[in-house]
Amino acid sequence: AYERRFPTCPLIPMFVASDTVNEYKSEDEAIHVIERRCKLDIDAPRLLKKIAGVDYVYFVQKNSLNRRERTLHIEAYNETFSNRVIINEHCSYTVHPDNEDWTCFEQSASLDIKSFFGFESTVEKIAMKQYTSNIKKGKEIIEYYLKQLEEEGITFVPRWTPPVACKSESSTSHPRRPVSPAINIPESATKEGLSNKEILNTSSSPSEPTAGTPDDKLDADYIKRYLGDLTPMQESCLIRLRQWLQETHKGKIPKDEHILRFLRARDFNIDKAREILCQSLTWRKQHQVDYILDTWNPPQVLQDYYAGGWHHHDKDGRPLYVLRLGQMDTKGLVRALGEEALLRYVLSINEEGLRRCEENTKVFGRPISSWTCLVDLEGLNMRHLWRPGVKALLRIIEVVEANYPETLGRLLILRAPRVFPVLWTLVSPFIDDNTRKKFLIYAGNDYQGPGGLLDYIDKEIIPDFLGGECMCEVPEGGLVPKSLYRTAEELENEDIKLWTETIYQSASVFKGAPHEVLIQIVDASSVITWDFDVCKGDIVFNIFHSKRAPQPPKKDSLAAHSITSPGGNNVQLIDKVWQLGRDYSMVESPLICKEGESVQGSHVTRWPGFYILQWKFHSMPACATTNLPRVDDVLASLQVSSHKCKVMYYTEVIGSEDFRGSMTSLESSHSGFSQLSAATTSSSQSHSSSMISR
């Protein structure tokens with residue numbers, strides 16, 4: 001049955017073709033080894049394939065059939081990108097030690113990503129999803145070919161016996177087991193999830209121990225009213241997991257509906273569901289998530305500028321959440337609130353969703369365990385691809401996916417603009433496959449036609465901004481004033497930490513004491529990106545390159561160029577004895593940045609070595625027509641001379657020498673979205689791109 005999946009298998013769309021490269025058969029026909037080169041069309045974002053420069057990847061698979069031992073061992077490893085990524089997979093089919101009518105299946109794999117064009121995390125996500133999908137599909141495929149054989153009248157394959165010449169010797173060392181008849185595969189066995197090691201074929205005579213007993217039942221009316229349709233196996237899994245929680249878990253036990261979500265997320269594999277549920281319960285207790293609706297009030301900034309809110313329900317009775325993402329100032333919200341408050345707000349939305357599901361279950365008299373989300377992308381453009389904002393979004397997705405599985409019933413994405421595929425490429429690898437299947441995407445006004453919004457939402461409650469008659473009280477969003485932005489120190493002093501990493505750092509800049517950041521580049525053509533705000537004073541931004549590393553700053557004296565102040569750090573790396581042009585060189589023209597400006601840009605490195613980003617105090621120039629300073633200059637000098645300048649900055653390096661994107665791929669670093677963007681100036685060269693927003 002296994003051999004029937006070659007040279008290609010219609011049940012595995014990604015398996016395009018295979019060629020036999022080596023084959024061996026022993027004289028007694030007990031051993032058959034065949035090695036194939038397989039061509040795969042991996043389910044990866046087009047952008048990633050384009051950067052990698054490939055459309056297909058190749059794996060080498062070696063199948064070793066031992067008829068004497070009744071085993072089939074399968075080994076596979078990647079041929080494509082083997083110098084960057086190492087994938088090894090091993091599978092085996094063996095006879096169950098306690099019942100030879102059963103076949104056991106084991107599968108294991110290892111993944112080692114050394115480097116992959118700066119997309120290591122994305123590749124790991126894709127590989128793990130592909131592997132999980134293969135495990136789920138494996139049993140379905142083998143049973144498909146078993147059924148195909150039965151339809152062809154092949155219900156029994158004779159046991160291998162040694163040739164007559166060596167029969168006596170073989171029978172001494174390998175005693176034969178009695179031949180068993182063909183096995184009927186129960187239909188229910190094909191519908192349940194598999195663990196990495198479990199029974200594939202089951203005997204028709206013994207009953208399954210997990211199928212449920214008279215003591216292992218829930219009330220039928222209760223199931224129909226609150227849980228939905230459950231098979232006896234699913235019902236048994238729910239009861240056993242709940243009992244285990246009651247016996248071992250200290251604290252609040254979640255409701256059956258919530259336990260069921262985790263079981264469904266892992267295809268009713270109790271071990272896997274128990275693992276993620278316990279992690280989630282620990283997380284909820286640690287961060288007091290159960291009390292977030294009662295104890296936490298969203299800041300006024302969120303209430304004014306977060307363009308999302310609950311709006312009635314869809315045709316299936318699911319609570320409806322409306323998000324006007326295109327109208328939101330992503331950067332402004334992150335800068336004004338920090339990731340902590342933003343995440344906490346998203347968690348409160350999910351907690352409110354759970355509460356509304358319970359209410360709608362009572363109102364409609366049937367189980368409602370998920371909600372519908374309507375996302376309007378009108379106004380979405382490249383400013384929403386601001387890199388720190390995207391990173392914050394990916395973190396939120398990871399937290400929600402881990403702790404609120406199977407809560408999204410349907411996602412309606414409306415008025416998707418041309419830039420949407422770029423955002424989707426960045427975000428989709430982090431979204432569970434089951435969740436992605438619930439996405440419906442409409443470009444332009446397609447949502448108004450057949451198969452559109454009216455199929456899922458009653459006409460009476462379509463929001464007014466989508467052409468409906470129902471007034472929607474969701475805030476309209478808009479630009480967050482820069483006066484509401486907070487410093488890194490303020491964001492770090494949050495009461496409850498849900499993330500440990502802060503995107504921005506603060507630095508103080510003094511006259512004669514610039515702040516400098518060292519970036520080591522191993523591969524030429526890496527891309528250095530930056531994003532900073534000038535919070536106080538005027539500064540000059542420089543980028544330098546040196547072949548040798550500067551001496552690390554000494555911590556014991558101000559003269560050693562390391563100053564720590566309440567407002568931020570000040571680190572100087574360029575030694576006073578260094579000479580420009582001899583010890584280091586300037587790779588970009590100096591950029592003068594005024595107080596209140598936001599600066600985003602990038603630089604493609606030409607050489608390996610050490611790059612230094614420098615923020616330097618900007619001295620006021622004297623009047624051009626006289627040696628006397630101007631009154632405005634004197635006043636400005638008095639205002640800042642005794643004070644420091646201050647910047648908040650974020651930097652990132654995108655590798656590597658194989659980076660095949662253009663500067664347009666880095667558009668996420670060029671956000672000019674700020675409240676003071678009445679005028680915009682930009683400077684760009686062949687190897688750099690910068691933008692200032694005033």
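How many salt bridges does the structure hold? The structure holds 25 of them, where a salt bridge is a side-chain nitrogen of Lys or Arg within 4 Å of a carboxyl oxygen of Asp or Glu. Keep in mind that this is a predicted model, where local features need pLDDT of at least 70 and side-chain atom pairs count only at pLDDT 80 or more, while totals for chains, interfaces and linings use all residues. Residues are numbered from 1 along each chain as its sequence is written, and side-chain values use heavy atoms, with hydrogens and water left out.

Let's start with the sheet. Five strands line up as β8-β9-β10-β11-β12 in an open sheet with mixed pairing. Strands are DSSP runs of E with at least two residues, helices are runs of H or I with at least four, and both are numbered from the N terminus; two strands pair if DSSP finds at least two bridges between them. At the edges sit β8 (308-313) and β12 (439-443), each pairing on one side only.

Now look at β8 and β9: they run antiparallel, joined by four bridges, and W310 has Y321 in β9 as its bridge partner. Strands β10 and β11, by contrast, run parallel with six bridges.

Back to the charges. Side chains of opposite charge can pair when their charged atoms come close. R242 belongs to helix α5 and D256 to helix α6. D256 is buried at 7% relative accessible area, buried meaning under 20%, exposed over 50% and partly exposed in between (1.4 Å probe, protein chains only). R242, at 22%, counts as partly exposed.
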